[in-house]
Amino acid sequence: MTEAEFAAAVDSRSSKPIYERMKQSKVGIAGCGGLGSNIAAALVRAGLGKLVIADFDTIELSNINRQLYLPSQVGKPKAETLEKMLHDIAPYCEVEVHDIHITKDNAAEIFGGCQIVCEAFDVPENKSMLVNTLLENCPDMQVVSGVGMAGIGRANDIVTKRFGRLTVCGDGRTDVADGEGLSAARVIICAGHMASAVLEMILENYSNPRK
Amino acid sequence: MLKINGETAEAVGVTVEAHLKENGYSTDRVAVMVNGEILPKSDYAAYKFADGDEVDIVGFVGGG
C-alpha cells in the first residue's frame, strides 16, 4: 500500500484540505500509559502526521487492562513499542521517540516543536509540573491534560473543559490513590476526550468545504 | 468581585498562595489560570486576586 493510496482512503472520509492540515500537524504525548497510548492511536487513525512521544517506563503485565499494549510486549520500553504499533496502524506518520524521564528541565526542549501537547502522566505532582512548565515556557502551545478517570462507570461524568491554553479532560475528582483502580473503558473515554480536543484545535476556525 | 472556578468569590486582594492553602490545595498539585493564562508558580505568593479576575484552579489527581 503506497502513501498515496493510504491518503486517498483517509481523504474519502474527510476532505483534502483537512487531510493536509492533519498531516502537517505535530502533537506531543507526554506519558505512553493508559491515556497516552490510546490518545496516540486515535490521533494517527485520524490522520495526524507528526507525533512526539515520551516515556521512560517499560510495559508491565498490570498495564494490559487499559493500555494499548499486548502481553507479548511485557518488559519492552513503552515509547519504542508504541512507535511500532502506531506505524502498524498508520505506516506514514512520523513519530519522534524519547525513552526518557520528563522533567521541568527537559520538557520544553522535548516538546518545543509541538502545537499541542497531551499531559498523560499518572502522578499528580508530575502532571502539575508538566502543565506549568510547558504553559510557562512555550507561549504558543496548547496543553490538554487528563484529570480524573479512575474507577468504573459514571461515563458521563467525564467532560472536557477549556481554560485558555489549558484544556482539562476527566471527571476532575476520581483518584487512583483512593483505591478505585483504573479500567480500560473509563481511561479510553478520557483518552477519547483528549484526542477529540486535539483534533478540534487542529481544525479550529476551519470551515469544511463539504458543508 | 471575581470568579473562581465559575463561582463568584469575595477574594479581591487575597494572594493565590493564601487562597490555595485555605481551600486545601497542595501547590505542587495544581495549575492556576488567571484570565486564560497560566500563573507561574513563582507568582503564587505575590499575586493578589483583582476585581474582575476569572480564575480557574485545576487540582490534579492520580491516574493516567
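**Entry 1: a loop residue in chain B**

Is B:Asn35 buried, partly exposed or exposed? I looked this up and found B:Asn35 partly exposed, at a relative accessible area of 47%, where buried means under 20% relative accessible area, exposed over 50%, and partly exposed in between (1.4 Å probe, protein chains only). B:Asn35 sits in the loop between S3 and S4 of chain B, the strands being DSSP runs of E with at least two residues and the helices runs of H or I with at least four, numbered from the N terminus. I noted that its phi is positive, about 50 degrees, although B:Asn35 is not a glycine. Most residues other than glycine have a negative phi. A:Arg154 also has a positive phi, of about 45 degrees, without being a glycine; I placed A:Arg154 in the loop between strand S5 (142-146) and S6 of chain A, and its relative accessible area of 34% makes it partly exposed.

**Entry 2: conventions**

I am working on a predicted model, in which local features need pLDDT of at least 70 and side-chain atom pairs count only at pLDDT 80 or more, while totals for chains, interfaces and linings use all residues. Residues are numbered from 1 along each chain as its sequence is written, chains are lettered from A and ligands numbered from 1 in the order in which they are written, and side-chain values use heavy atoms, with hydrogens and water left out.

**Entry 3: the interface of chains A and B**

I looked up the contacts, meaning heavy atoms within 4.5 Å, and found 21 residues of chain B in contact with 29 residues of chain A. The area buried between the two chains is about 1,900 Å², with 62% of it given by carbon and sulfur atoms; buried area here is the accessible area (1.4 Å probe) that two parts lose on being put together, summed over both. Of the area that chain B buries against chain A, B:Phe60, B:Val61 and B:Gly64 supply 33%, more than any other three residues.

For polar contacts I used pairs of N or O atoms within 3.5 Å, one able to donate a hydrogen and the other to accept it within protein, with residues adjacent in sequence counting only if both atoms are side-chain atoms. By that rule 11 residue pairs are in polar contact across the interface, both residues being at pLDDT 80 or more. On the side of chain B that touches chain A, strand S3 (30-34), strand S4 (37-38) and strand S5 (54-59) are the elements that give two or more residues.

Between chain B and chain A I count 2 salt bridges, each being a side-chain nitrogen of Lys or Arg within 4 Å of a carboxyl oxygen of Asp or Glu. One salt bridge joins B:Glu37 to A:Arg165, with the closest N and O atoms 2.8 Å apart.

Which residues of chain B does A:Asn132 contact? Leaving aside neighbours within four places in sequence, I found B:Val30, B:Ala31, B:Ile38, B:Leu39, B:Lys41 and B:Tyr44. The side chain of A:Asn132 reaches two backbone oxygens, that of B:Val30 at 3.0 Å and that of A:Ser128 at 2.8 Å. A:Asn132 belongs to helix H6 (residues 124-137) of chain A, and it is buried, at a relative accessible area of 3%. H6(A) is largely enclosed by the rest of the structure, because 10 of its 14 residues are buried. Its end C-alpha atoms are 20 Å apart, in agreement with the 20 Å that 14 residues should span, the expected span being 1.5 Å times one less than the number of residues.

Over all chains the count comes to 10 salt bridges. A:Glu119 and A:Lys127 pair at 3.2 Å, N to O, and both are buried. A:Arg162 pairs with A:Glu204, the closest N and O atoms being 2.8 Å apart; A:Arg162 lies in strand S6 (residues 159-163) and A:Glu204 in the segment after H7, so the pair ties together parts that are 42 residues apart in sequence. A:Arg162 is partly exposed at 40%, as is A:Glu204 at 32%.

The side chains of A:Arg186 and A:Asp171 meet at 2.9 Å, N to O. A:Arg186 is in helix H7 and A:Asp171 in the loop between strand S7 (166-170) and H7, so this pair ties together parts 15 residues apart in sequence. I found A:Arg186 buried at 2% and A:Asp171 buried at 15%. Helix H7 (residues 184-202) has 19 residues and reaches 26 Å from its first C-alpha to its last, close to the 27 Å expected.
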